[in-house]
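User: I would like to go through this model with you, piece by piece. Could we begin with the terms and then turn to individual residues?

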Amino acid sequence: QVQLVESGGGLVQAGDSLRLSCAASGIVLGGYPVGWFRQAPGKGREFVGAINWSGRNTNYADSVKGRFTISRVNAGNTALLQMDSLKPEDTAVYYCARGKYNNDLSATYDNYDYWGQGTQVTVSS
């Protein structure tokens with residue numbers, strides 16, 4: 001079965017940290033960009049950030065820049081989203097997605113082909 005699986009979500013307080021993981025099953029993640037998106041209740045899916053195939057280049061939304069860090073481990077087959085200084089407005093379901101095009105770190109939804117089911121992150125004030 002082809003899928004991406006996110007893990008690491010949970011309930012935390014404002015100012016805390018969480019680390020999300022994205023692992024692939026049935027497809028290769030290494031060698032492709034990986035993007036992270038989130039969707040809060042009643043809102044559209046929002047770009048959080050992305051990392052290129054080598055892990056050397058990243059792109060972040062302004063709302064998370066300086067607080068969130070994306071990295072790759074396991075020869076690029078697992079992507080991590082380290083979230084620090086969390087705020088209540090970070091509450092959302094977080095999704096990872098595999099990018100279609102090398103070095104494309106855009107926020108364009110259609111530039112990603114495989115998506116995970118999401119993991120809930122809730123930040124209380």
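Analyst: Buried means under 20% relative accessible area, exposed means over 50%, and partly exposed lies in between, with a 1.4 Å probe and protein chains only. This is a predicted model, in which local features need pLDDT of at least 70 and side-chain atom pairs count only at pLDDT 80 or more, while totals for chains, interfaces and linings use all residues. Residues are numbered from 1 along each chain as its sequence is written, and side-chain values use heavy atoms, with hydrogens and water left out.

User: Is Arg 45 buried, exposed or partly exposed?

Analyst: Arg 45 is partly exposed, because its relative accessible area is 30%. Arg 45 belongs to strand 5, residues 45-51. Helices (H or I, at least four residues) and strands (E, at least two) are DSSP runs, numbered from the N terminus.

User: Which residues does Arg 45 touch, not counting those up to four places away in sequence?

Analyst: Contact means heavy atoms within 4.5 Å. With residues up to four places away in sequence not counted, Arg 45 touches Phe 37, Arg 38, Gln 39, Tyr 95, Tyr 109 and Trp 115. The C-alpha atoms of Arg 45 and Val 93 are separated by 9.1 Å, and these two residues are 48 apart along the chain.

User: Moving on to pockets: what volume has the largest pocket?

Analyst: The largest pocket has a volume of about 160 Å³. Of the 13 residues that line this largest pocket, the closest to its centre are Arg 38, Lys 43, Glu 46, Glu 89 and Asp 90. The search uses a 1 Å grid over the protein atoms alone: a pocket is an open set of points with protein on both sides within 12 Å along at least five of seven lines, a cavity is a set where a 1.4 Å probe fits but cannot get out, and lining residues have an atom within 4 Å of a point. Grid points are joined across faces, edges and corners, and a volume is the space filled by probe spheres set on the points.

User: How many residues of each class are in that lining?

Analyst: The lining of the largest pocket has seven charged, four polar and two nonpolar residues. Here Ala, Val, Leu, Ile, Met, Phe, Trp, Tyr, Cys and Pro count as nonpolar, Asp, Glu, Lys and Arg as charged, and the others, Gly among them, as polar.

User: And the largest nonpolar core: how many residues has it?

Analyst: The largest nonpolar core has 34 residues, and those with the most contacts inside it are Trp 36, Phe 68, Leu 81, Met 83 and Tyr 94. Strand 9 gives the most to this core, with five residues. A nonpolar core is a set of buried Ala, Val, Leu, Ile, Met, Phe, Trp, Tyr and Cys residues joined through side-chain atoms within 4.5 Å.

User: Which residues are in contact with Phe 68, its neighbours within four places in sequence aside?

Analyst: With those neighbours left aside, the contacts of Phe 68 include Val 48, Tyr 60, Leu 81, Met 83, Leu 86 and Tyr 94, as well as Arg 38 and Asp 90.

User: How many disulfides does the structure hold?

Analyst: The structure holds one disulfide. Cys 22 is joined to Cys 96, with an S to S distance of 2.1 Å. The pair links distant parts of the chain, since Cys 22 is in strand 3 and Cys 96 in strand 9, 74 residues apart. A disulfide is taken as a pair of cysteine sulfur atoms within 2.5 Å.

User: Why is it called right-handed?

Analyst: The torsion about the S-S bond of Cys 22 and Cys 96 is about 70 degrees, so the disulfide is right-handed. Both Cys 22 and Cys 96 are buried.

User: What about Thr 78: buried or exposed?

Analyst: Thr 78 counts as buried, because its relative accessibility is 12%. Thr 78 is found in strand 8. Beyond its neighbours within four places in sequence, Thr 78 is in contact with residues including Cys 22 and Val 73.

User: Where is Asn 74, and what is its phi?

Analyst: Asn 74 is placed in the loop between strand 7 and strand 8. Its phi is near 55 degrees, a positive value in a residue other than glycine. Asn 74 is exposed, because its relative accessible area is 53%.

User: Then where is Ser 85 found?

Analyst: Ser 85 is found in the loop between strand 8 and strand 9. Ser 85 has a positive phi of about 50 degrees, although it is not a glycine. Ser 85 is partly exposed, because its relative accessible area is 43%.
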